[in-house]
Amino acid sequence: MAMTSRRSWPSTGRQTRHQLAFVLLLVLVAVGIYVPVLALPSLSLPPEIPGDEKMIMMSRKFYIKDDSFWKDGNHFQIIGGDLHYFRVLPEYWEDRLLRAKALGLNTIQVYVPWNLHEPKPGKMVFEGIGDLVSFLKLCDKLDFMVMLRAGPYICGEWDLGGFPAWLLSVKPRLQLRTSDPAYLKLVERWWGVLLPKIFPLIYSNGGPVIMVQIENEYGSYGNDKAYLRKLVSMARGHLGDDIIVYTTDGGTKETLEKGTVPVDDVYSAVDFTTGDDPWPIFELQKKFNAPGSSPPLSSEFYTGWLTHWGEKIAKTDAEFTATSLEKILSRNGSAVLYMVHGGTNFGFYNGANTGSEESDYKPDLTSYDYDAPIKESGDIDNPKFRALQRVIKKYNVASHSIIPSNKQRKAYGPIKMQMTTSLIDLVSMADPADVIISANPISMESAGQMFGFVLYESSYIAKKSGNILRIPKVHDRAQVFVSCLSQDVGVLRYIGTTERWNNQPVSLPTIECTTNTSLFILVENMGRVNYGPYIFDEKGILSSVYLDGQILHGWKMIPIPFHNLNQVPNISFEMQHTKKRNVVGQKEPALFAGEFSINTTEEIEDTYLSFNGWGKGVAFINEFNIGRYWPSVGPQCNLYVPAPLLKPGKNTLVIFELESPHLELLLESVDQEDFVCGSYDSKVSQ
């Protein structure tokens, strides 16, 4: 790509014009000339800034020059880390940021997931764990610079790469990550809400935001330059010229050619495998930036890696990681640790990957520990934190904050669980207006449900020799049940499971009903693909269902959504019990509930819930969705429970168990993580 037409990073722009106007005003006032204020160009400073601070703000500038970053005229080496507000409870934001400060970081990089903030079309949410502005102001309070990754696609091991799932239900089908006008119109609406919130927080306006990223690793996906240019135009329209707009792509010629924007005011950053020689990649990076405008930056320096269900927990050597970082910092390069603190995939927002085929599906764990230097629980007493801190101290001359101690954890002991609501009872609780009747199954998104579970119901005439059920395309996991509802009220008979990654026919046994046999298929959405060519990841039954080779018609779709992160409960979790029956050893999904008590506020600490002995499901503490468990597959056995979710007195635990409950119906609150359960050879990760 010819780069000669690119000029060096602009040193003038909107802010410079404002500075000249301000100086002119001072000169005119000094010589006693009255000039109407309205006759001068607007200074465009946020109205809440006091007048005596405006002159200070006029000198604030973060820019690129001589292949370096500069902050207020001084060279600035970015030593940053990714930390995601949506993976940490707001009560712990400051704690985790202080730990990043103790590591020696001066910058926080953070994604903005569109789906968290617009869960339904036009419904914008910026409260609770979605209070982005408060998070950014907290970064500012702690003297962090911020690199904001605005998307609209973020990847990040987050459901659908941050896209709202309802985009998949728009007809005609949207072409995500392209210059499709219908898609861009929705992006423009979203950014029209997001970016005005960011404008007062950019560095030249007195805030911490020094750079804003568009898209993410686009060169690994597409090559639509018109799309990238449109995103740049949108960003500039809302944020002006006094902000660095950047892209991030893998450090190869092919990905940089596809993912960079051939305009003069967009900076191209790179990422690459930890341990690769960084400097040849930084030399390549220069070819995709204007002359003098290519400070070497690894915008994702990997401190660890993600883990899927059925794999061994990912670990990387501390000294190797620290040595690799020093190769960048020692020659004045910049780096952002991905991750400095991973956190937790609360709710149903975990992402997934695929292999070469769409069916090669690999969902991510609930834990997003990432083997980062600050662990999921906030712990920093570990070799990786110490090794990275030792290196960073050499290059960040700013004083480091006092190192916080590890947070206390407490084991509250065994919790006796009781079945409260069977699957059939959940079905009876569904609002009839939400039940969809169709000749053929439809996707979850088409049914207006984005997360959780859907129960597909039909009926058939059973053969004495049995029947063969086949579902060619199911996303992601289907449990099959039959029942003679007219005879055995409230009883489902588990038959088998078929999965996206191991799609097998299910043999339906002979069952004698006085009328047609009822067929129930419970489908779980286990997290949408967030990276690669298969991100158009609809959920549910996505094909016809075949019985003995013939299409089975006549379906009901019954939603069992539960509530996601940052949502209010949509199913009652009161401790009301259904008719008692023996549930041990059965495979009918059901809600189980239990309680444990904490005497005083002083006794409230972080804890973990051990699911050893249980099957698979999702858990709620005091109505907060703490995520999925699957100890039989592993490697994650325990779910992290941050202390702010607990309270003095009774604490309620509710789980939706899909398979077989613990033989003694016991769960246990323990004080340690556990990533060594499961077989590690499950086909879910092969």
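**Close-up views of side-chain contacts in a predicted model**

**View 1. Tyr349 and Phe451 are both buried.** The structure shown here and in the views below is a predicted model. The ring centres of Tyr349 and Phe451 are 5.2 Å apart with the planes at 70°, so this is an edge-to-face pair. It links distant parts of the chain, 102 residues apart. Tyr349 belongs to the loop between strand E11 (334-341) and strand E12 (352-354), and Phe451 to the loop between strand E16 (436-438) and strand E17 (453-460).

**View 2. Arg528 contacts both Phe451 and Glu445.** The charged end of Arg528 sits over the ring of Phe451, 5.2 Å from the ring centre. The Arg528 side chain also meets that of Glu445 in a salt bridge, with an N to O distance of 2.7 Å. Glu445 is in the loop between E16 and E17, and Arg528 in the loop between strand E23 (517-524) and strand E24 (540-541); the pair links distant parts of the chain, 83 residues apart. Both Glu445 and Arg528 are buried.

**View 3. Salt bridges with shared partners join Lys315, Asp369, Asp371, Lys375 and Lys384 into one network.** Within it, Asp371 and Lys384 form a salt bridge whose closest N and O atoms are 2.8 Å apart. Asp371 lies in the loop between strand E13 (361-363) and helix H11 (383-392), and Lys384 in helix H11, so the bridge ties together parts 13 residues apart in sequence. Asp371 counts as buried because its relative accessibility is 8%; for Lys384, also buried, the value is 4%.

**View 4. Asp82 and Arg149 form a salt bridge between their side chains, at 3.4 Å from N to O.** Asp82 is in strand E4 (residues 79-83) and Arg149 in strand E6 (residues 145-149), so parts 67 residues apart in sequence are tied together. Both Asp82 and Arg149 are buried. The structure holds 32 salt bridges.

**View 5. Trp93 and Phe135 form an edge-to-face aromatic pair.** The structure holds 40 aromatic pairs. In the pair of Trp93 and Phe135, the centres are 5.4 Å apart and the angle between the planes is 80°. Trp93 is in helix H3 (residues 93-103) and Phe135 in helix H5 (residues 132-141), 42 residues apart. Relative accessibility is 4% for Trp93, which counts as buried, and 0% for Phe135, also buried.

**View 6. The charged end of Lys101 sits over the ring of Phe144.** The distance to the ring centre is 4.5 Å.

**View 7. One aromatic cluster includes Trp114, Phe126, Tyr153, Phe163 and Trp166.** Also among its members are Tyr183, Trp190, Tyr218, Tyr221 and Tyr227.

How values were computed
Residues numbered from 1 in each chain as written. Heavy atoms only, no water. Phe/Tyr/Trp six-rings, centres within 6.5 Å; stacked < 30°, edge-to-face > 60°. Helix = DSSP H or I, 4+ residues; strand = E, 2+ residues; numbered from the N terminus. Buried < 20%, exposed > 50% of the residue type's maximum accessible area, 1.4 Å probe, protein only. Lys NZ or Arg CZ within 6 Å of the ring centre and 35° of its normal. Salt bridge = Lys/Arg side-chain N within 4 Å of Asp/Glu carboxyl O.
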